[in-house]
Amino acid sequence: MISPTILAPRLADHLPRQRWFGAKDRAIEFVRIIDGEVLVEGWPALYRVEAEVALGDDTARYQLMLGLRPTGQTCEFLTGHEAAVLGEFETDRGQALVYDGLLDPELAVGLLSVVVPHLQAEHVRPVGAEQSNTSLVYDDAVILKVFRRLADGPNPEVEVTEALAEVGFTSVAEPLGAWRHENRDLAFAQRFLAGGTEGWAMALTSLRELYADPTDPAEAGGDFGAEAHRIGEVTADLHIAMAKAFGRAPGNADEWADLMDEQLKRVLTGEMAEGARRLVSRLRELDDAGPAIRVHGDFHLGQVMRTDPGWYVLDFEGEPARPLAERVRATSPLKDVAGMLRSFGYAPAVAMATQDEDVTALARAWEARNRACFLDGYLTRADDAAILPEDPAARSAVLAAFELDKAIYEVAYEQSHRPEWVEIPTRAVAQLVEAGR
Amino acid sequence: MTEIDREDERWYQRAVFYEVSVRSFFDANGDGTGDIQGLIEKLDYLSWLGVDCLWLLPFYSSPLRDGGYDISDYFTILPEYGKLGDAVRLIEEAHKRGIRIIADLVVNHTSDQHPWFAESRQDRDNPKANWYVWSDTDQRYPDARIIFTDTERSNWAWDPERQQYYWHRFFSHQPDLNFDNPEVQEALIGVLRFWLNLGLDGFRLDAVPYLFERDGTICENLKETHAFLKRIRHEVDAAFTGRVLLAEANQWPSDVVDYFGDGDECHMCFNFPLMPRMFMALRRAQRHPITEILAQTPDVPDGCQWGIFLRNHDELTLEMVTDEDRDYMWAEYAKDPRMKLNLGIRRRLAPLVDNDRRVMELFHALLFSLPGSPILYYGDEIGMGDNVFLGDRDGVRTPMQWAPDRNAGFSRADWAQLYSGPIMDPVYGFQALNVEAELRDPSSLLHWIQRMLAVRKRHPLFGVGSFEVLSAENPSVLAFIRELGDDVVLCVNNLSRFAQPVELSLQRFAGRTPIELLGRVPFPRIGELPYLLTLGSYGFYWFQITETALTQ
């Protein structure tokens, strides 16, 4: 539709302005159009493009869904989305405005039946911008994730969700169809969890209630403990299903420790680094660190959703910043447990930021209660499911190491993205080091 | 004034019910106890309020050891309340004002003072020997739970006269009738016919799950019980039109729906679990306790309806919440152990919500808009308080507060003669909190409820429309759509004490204009983008989603 030689340089300008573009801090050397196909003919038109982006020593492949309308049409849906507009183009059908087609309700509705032929919808709405995909919700019944950065091999989101559904794990949104091209996953449709609320929003609601009415969190009106307990149970069920779907292998604690040490060296210095290293080194002394299984990989309160039938687990892509091979590598399930424990530390700190009064004691009490409830819920199901080290001391050591590792990751992340938040994970690192002394 | 329409057979699906105790409402003859004549004199008030049907607590002859739920004669009125002729006049006067009347009827058991029991207990071979459930052992039906756990230790009680045990699911002075005996079935159907012939519009059938007993069961919800209820329905339909049977079955919604049968059993059932969940949702400031129970509530057959309520004469029922929830509810609402009773909490609405007017309004807005016919409890419309120092469930049955005068305007009797003293505390006392004062104050809770009921009456969808919960990222907001034909109402409720924003996906109604139903204020037109609303503390909106283009 559009000549690649015209489109490519304009994409080099367009891509860094997109939230889902992962290499904002690096210079684009050139963009090459690899593939293009017209998904919706006529006006408006939907044009799918795969572009290879050269970034110095490596390249990345991105998927664009371009919308085209004849010049001069008013496009109300683009209001407030100026960054999503590529501008005017000369096309084989005349002069057209080109923009992110997923914002165009007409095109987005048309896309669904291209991806999953038996699905049809009347209405569509975009939901929260993600780092690696763009999600659309159809009639409150179907959610379609359009992957932005493409990779060879199965996308973990598709692979894991389908495998979990296969082994009968019911706490994932039911897969309705994946759209593949050659060996790459392009988009994925699932049942939409209507009426659900993210765990993160519920935790903040609980915290606001507590801060307004200081009391023992267990006695508070907005107590989250029962929910935390249920999240723990679902987490254990998830791990049991993961082991069933992808198998389990003896965990290699030395390898885990090597990775942790590597990160630690980059992020921490001085006494803190010394203490952290001591904690990590305990992994190496373990006779049995428990099995390694496929895990969620980026587990926190924003990845679980409360619906009327119960809690669901979302988003199996792993930490988007890490390479795919690392994201799908089997590791201890306690890595996910550590991720959720850190989230129980983040929520009260974030909720505290909008408070005028000092509520530190309440924040700590909330964290302590919900950590305990979550772990209790987790262990009621995971205890004898052969996914954890037998020895309780080994469990604690592995969990502490992963929690520390996660906190150090957060320190690095906050330093480069949100320096004003760095205090939250830094305090956690100090506490973990202190507790491990 | 409009007379009731007997041809309107499904009136109960759109009606607003008002539960009232004759004893507590108004004393016309000045003997210290409310009476039927007193209720007649207050019908104009109830008509003004917008009530469609009164539910009378038992008014039959009774030794009153369980608030009249221990009937000693089904065919006579408790003498303090009046005579049979008064009841007939009450029905006529109510009907003249378009108000229907249903009455509590206890079918499961009688008082031990009932002549039937007196005869049955004499020996083992008298004509009524098999009218009650007798046994030589108290070990039969061991799986049947004990309902009044505070006072009863067994479902069996020893009768020294007959030298046998008799079965009682409630208090030991309330022996269960034996429905395996066809004579008992006939007798009870005769009772129903008697009252319906006098013009009564139906019954609230007390304690229906327990009518039959079978070995190896928990003796609840048995198929024999359902068969008998179907027979009752058949007998009623055969001889009368426009009457209603409302079942009290305190069970999970999935079990309760059985009491609707295929639309051939009871017309209405109470939705018990909804009410405690509303209180939980409030305390947690999030909607899931409510949406969860609604999601578990099956659709009712055609022609049936749920009865929903905030509070009633019994305690806040906790049987139907899970153990974990129950501990939580106790901790939240009954910090004082006197407030616990059996498995419930005995408080009125106002004290339960710390007398917060905003919460009372929000709760009534929910009561009037969730699926079902709302049932108000007398006095809650003025925000009456309770007296937890009174025994049993009497704390929520104190005299209606009509005026700041002597005895709250309830009675001209001497103070000492009153069946129960009216509330006199500084917050809920009748000197400040009474109907007369609230009638004079246009911003009172009473006026507010009257206005809400008037709005509700204009939209039959609140009674019979479809119900759909909308997705909202904010867990503190409960938004839903009621729809009937072309009429669409959007209800948005903030369960939190803090102001809250919410974005709703209303694309289905793009191009239409929401009009707020209380003030008829048009809101911005709905477009393709999520519809943003902000709600104040415990705020709510009812919007009619109209096609109207509102231009000047």
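Domain bounds here come from an automatic or database domain assignment. The structure is a predicted model.

**Domains of the two chains**

In chain B, the assignment gives domain 1 (11-108 + 178-457) and domain 2 (466-546). In chain A, domain 1 covers 4-191 and domain 2 covers 197-435.

| Domain pair | Distance between centres | Residues from domain 1 | Residues from domain 2 |
|---|---|---|---|
| Domain 1 and domain 2 of chain A | 32 Å | 16 residues | 19 residues |
| Domain 1 and domain 2 of chain B | 31 Å | 17 residues | 17 residues |

On the chain A side, the face of domain 1 that touches domain 2 is made up of nine nonpolar, five polar and two charged residues.

For chain B, the 17 residues of domain 1 that are in contact with domain 2 of chain B can be traced to their elements. Helix 9, helix 10, helix 13 and helix 15 (445-457) of chain B each give two or more residues to this side. Helix 13 of chain B gives the most, with six residues. By class, this side of domain 1 of chain B has ten nonpolar, four polar and three charged residues.

**Nonpolar cores**

The largest nonpolar core holds 155 residues, and those with the most contacts inside it are B:L54, B:I101, B:C266, B:C269 and B:A479. Helix 13 (residues 357-369) of chain B gives the most to this core, namely eight residues. Both domain 1 (11-108 + 178-457) and domain 2 (466-546) of chain B give residues to the core, so it lies between them. A separate core of 127 residues includes A:M260, A:L264, A:L341 and A:A401.

B:C266 can be followed through its contacts. With neighbours within four places in sequence left aside, B:C266 is in contact with B:L205, B:L229, B:L245, B:L246, B:A247, B:Y259 and B:F260.

**Helix 9 and helix 10 of chain B**

The axes of helix 9 (residues 274-284) and helix 10 (residues 288-295) of chain B come within 7 Å and cross at roughly 150°. Angles over 145 degrees count as roughly antiparallel, and helix 9 and helix 10 of chain B are therefore roughly antiparallel to each other. Helix 9 of chain B brings B:L274, B:R277, B:M278, B:M280, B:A281 and B:R284 to the contact, while helix 10 of chain B brings B:P289, B:I290 and B:I293. By class, this contact has seven nonpolar, no polar and two charged residues.

**Contact between the chains**

Between the chains, 23 residues of chain B are in contact with 19 residues of chain A. Helix 9, helix 10 and helix 11 (323-333) of chain B each supply at least two residues of the side that touches chain A. The largest share, four residues, comes from helix 10 of chain B. This side of chain B divides into seven nonpolar, eight polar and eight charged residues.

**The loop at B:R214**

B:R214 is in the loop between strand 9 (202-206) and helix 7 (223-239) of chain B. With 14 C-beta neighbours inside 10 Å, B:R214 counts as partly exposed. Apart from its neighbours within four places in sequence, B:R214 is in contact with B:C219 and B:L222. B:E224 is ten residues apart from B:R214 along the chain, and their C-alpha atoms are separated by 9.4 Å.

Key:
Residues are numbered from 1 along each chain as its sequence is written. Chains are lettered from A and ligands numbered from 1 in the order in which they are written. This is a predicted model: local features need pLDDT of at least 70, side-chain atom pairs count only at pLDDT 80 or more; totals for chains, interfaces and linings use all residues. A nonpolar core is a set of buried Ala, Val, Leu, Ile, Met, Phe, Trp, Tyr and Cys residues joined through C-beta atoms within 7 Å. A residue is buried if 20 or more other C-beta atoms lie within 10 Å of its own, exposed if 12 or fewer, and partly exposed in between; C-beta atoms are placed from the backbone. Two residues are in contact if their C-beta atoms, placed from the backbone, lie within 7 Å. Ala, Val, Leu, Ile, Met, Phe, Trp, Tyr, Cys and Pro count as nonpolar, Asp, Glu, Lys and Arg as charged, and the others, Gly among them, as polar. Axes are lines fitted to C-alpha atoms, for helices over the stretch in contact, and angles run from 0 to 180 degrees between N-to-C directions. Angles under 35 degrees count as roughly parallel, over 145 as roughly antiparallel, 65 to 115 as roughly perpendicular and the rest as oblique.
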